[in-house]
Structures are given as structure tokens and as C-alpha cells.
Amino acid sequence: MSRDKHQRRLLPPYLATGTSGAALPSTLDTLTALRASGIPLASYHTSVHRRVVELVTGGSLTAVEIAGYLALPVSVGLVLAEQLVSDGLLNASVPVPDALAPSRAGRPSRQLMEEVLSGLQSLRVA
Amino acid sequence: MDSNPSVSPSPRPVYLPEGDHQRVKILVAGPLGVGKTTAIKTLSQIPTLHTDEVMTDAAAGTDDLSLIGLRDKKTTTVAIDFGRLTLPGDRVVLYLYGTPGQRRFLPLWEGIAFGALGALVLVDTRRLDESFEVMDLIEERGLPYAVAVNTFPDSPDYDLEIVRSKLDLAPDTPLITCDARELNSSLNALIELTAHSISSAGVGAS
Ligand SMILES: Nc1nc2c(ncn2[C@@H]2O[C@H](COP(=O)(O)OP(=O)(O)OP(=O)(O)O)[C@@H](O)[C@H]2O)c(=O)[nH]1
Ligand SMILES: [Mg+2]
């Protein structure tokens, strides 16, 4: 199973977000972390692009969190983030660096899950 | 719709840890009013976020982008809640996605389920059958899951073995009782799920 297939989003045309005139489904993961690179906005960027860049100027947030803070559907947050990454205004980091291995289909490794398990156990309060 | 709406968009975001970390998704799924938002609020260390995903019904069940815009479409919104939980040491950040379990949201489900560690399915013993649809969706995706019974004041007091057989669970699927309003109880449910995901990853997985 390819990652792309799973990352495709159905996006109605009225959600088109400006730069290219047509919204394309995003290939970003919802848990991709994004942070402003410091490169200024260009004249073709919209006010919603500006809000995204401003939101992640002081630190990193995932695409879902950006959508949540700006009250946008997740699919729209993903498209905006992808446009801004390709324009160089946002730096992106993938959620799990080695999850793209075909055998993994995006699933966390056993080692990562063991870390989750012990982390959760240590959060329990007596 | 949502009896327990999350905070409105906040001007002060809670940023991710600065250092290298991995981000892992866990789904919290179940029928209307079963306690998904409550569990996520209990577990989240940041004010929970809420999004309304817009979906075109015309495209539901197909993957064909060319259909979009060519048909009359009815749009539906699907509410999703998000919570975040940074594990001690700042090396792993968990995201909890509160997801509605209906099959008509199938296109959305593919993206939501992708890469998840597993799903915590919440059930209410007064209406066990309402959880079947979401359990089917999760099983079809091969996602490991655990089932947590949220006990409400007027819930019938079933033996867990009876619940297990009514839900037709596999013998190794964890089934626990949970109070979504309590942190330790909700953490225990995630611990059961994670342990199960690890064992179902098999010996070959690394
Ligand atoms: N007694 C008890 N009440 C609970 C529990 N979990 C949730 N509740 C209550 O049940 C009601 C519904 O809970 P929600 O968390 O809003 O349920 P939900 O699954 O998010 O509902 P929708 O988003 O509408 O599908 C709330 O009034 C909660 O306080 C539980 O474990 N025990
Ligand atoms: Mg809810």
C-alpha cells in the first residue's frame, strides 16, 4: 500500500486556497510539524497564509493543530501548509522519520511503541 | 451535536518540544455521546482542539477526484477532536484523534487511520450494537484496538465476559472498564491498547 494513496484528501473546489487557482490534495501527513522559516510572505499569499505563518513563528505545530487553532478543516490546513512549504516559508518535519519504509505502512515500530508504553505507565499517578 | 465542545481557537498556541521527538497517533473512536471528547480532554495536556472536516457526499466511497465538482454534491461536516500528550523526556508526543465511527465518512477514515498505533474503542453497555460499525471499520484497516466500557449511572451491570461475547471480540483483544473522566483510568486504557499493539506487531517487527 502506498503512502500517497492514504494521504490523498478529497477536497471540493470551493476550498481552493489561492496560489495555484486550484486546490490539490495534500501529501503532507496530519502530524507533520511545521515552523516558519523566516522567509517573508509574497504578494500572492493570502491572509490565511499569513495567519498560518504567524501561528508557527514562535515554535512548531503539527498540521492538525494549525487547522484546529485557525478553525479550518484539516484538509485545508494540509493544503495551506503544503503550499507554504513549497514556497519556502515553512519548514516541515515528518512525524516518525523511518515510517516510510514500505514494510511499515506508516505504523510505529515496536521500539517506538515500547517507548509509548513505558511513558504512559510513568504518567499514572499513585 | 457535540455536547462537550472544545475551546475555541486560541491565540496562544502550545508549541511542540524543541528537541527531536516522534509524533504518534492514537484514535479514540465510538458512537455518539459515548465519551470520546471526555477521554481526550482527560488525557490531553493542551486545551483540546476541534475541527470540522468538510466532505462531499458525492465523493464518499470513491477515490476519484474527477468526480468532484462534476456532480451535485451535498457536503457533510465531520467533527474531530484532537488532544496532545507529551511523554516524560519529550521524546514522544502522542496525539489523540476523537473520531466518529460511521462508514459514510470512509474517505476521511483512510487518512485518519494511516500510521496510527491503534484505536481505543469506547462502548456503552446500554447500546453495544452502536459500536459495531466503528469496530468493523477499524478491523478492515488492520488497526489493533482495545475496547473500553464507559460506565454510566444507568448502565446495566454486565459481566465483561458477556460484553466480550456480545461484541464478538477476538480472545486477545483487550476489554476493560474505564471512566473517561479519570486520568489513571483513561491512561490504563491507552496502556492496554499499546501493549496489545506491541504484541500484535509480531516477533518479526522491529
Ligand atoms: N459516568 C460517566 N460519564 C461519562 C463518561 N464519559 C463521558 N461521560 C459523560 O457522557 C457525556 C457525553 O460524553 P462526550 O465525551 O461528549 O461524548 P462524545 O463521544 O465525545 O460525544 P459526541 O462527540 O457527541 O459523539 C458527557 O456528559 C460526559 O460527561 C464515563 O466514563 N462515565
Ligand atoms: Mg465529542
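Which residues does Leu90(A) touch, not counting residues up to four places away in sequence? In this predicted model, the residues touched by Leu90(A) are Leu34(A), Arg35(A), Ala36(A), Ser37(A), Val52(A), Val53(A), Val56(A), Ala81(A), Leu84(A) and Val85(A), a contact being heavy atoms within 4.5 Å.

Residues are numbered from 1 along each chain as its sequence is written, while chains are lettered from A and ligands numbered from 1 in the order in which they are written. Because the model is predicted, local features need pLDDT of at least 70 and side-chain atom pairs count only at pLDDT 80 or more, whereas totals for chains, interfaces and linings use all residues; side-chain values use heavy atoms, with hydrogens and water left out.

Leu90(A) belongs to the largest nonpolar core, which has 59 residues; Leu90(A), Leu27(B) and Ile138(B) have the most contacts inside it. Such a core is a set of buried Ala, Val, Leu, Ile, Met, Phe, Trp, Tyr and Cys residues joined through side-chain atoms within 4.5 Å, where buried means under 20% relative accessible area (1.4 Å probe, protein chains only). Helix H4 (residues 74–86) of chain A supplies the largest share of this core, 6 residues; helices are DSSP runs of H or I with at least four residues, and strands are runs of E with at least two, numbered from the N terminus. A second, separate core of 32 residues includes Val96(A), Ile26(B), Leu85(B) and Ile176(B).

Strand S3 (residues 75–86) of chain B has 9 of its 12 residues buried, so it is largely enclosed by the rest of the structure.

Around ligand 1 there are 20 residues, of which Gly33(B), Lys36(B), Thr37(B), Thr38(B) and Ala180(B) come nearest, counting residues with a heavy atom within 4 Å. Oxygen atoms of ligand 1 lie 2.9 Å from a polar backbone atom of Gly33(B), 2.8 Å from an N or O atom in the side chain of Lys36(B), and 2.7 Å from a polar side-chain atom of Thr37(B).

As for confidence, the predictor gives the complex an ipTM of 0.85 and a pTM of 0.84.

Key: Buried means under 20% relative accessible area, exposed over 50%, partly exposed in between (1.4 Å probe, protein chains only). A polar contact is a pair of N or O atoms within 3.5 Å; within protein, one must be able to donate a hydrogen and the other to accept it, and residues adjacent in sequence count only if both atoms are side-chain atoms.
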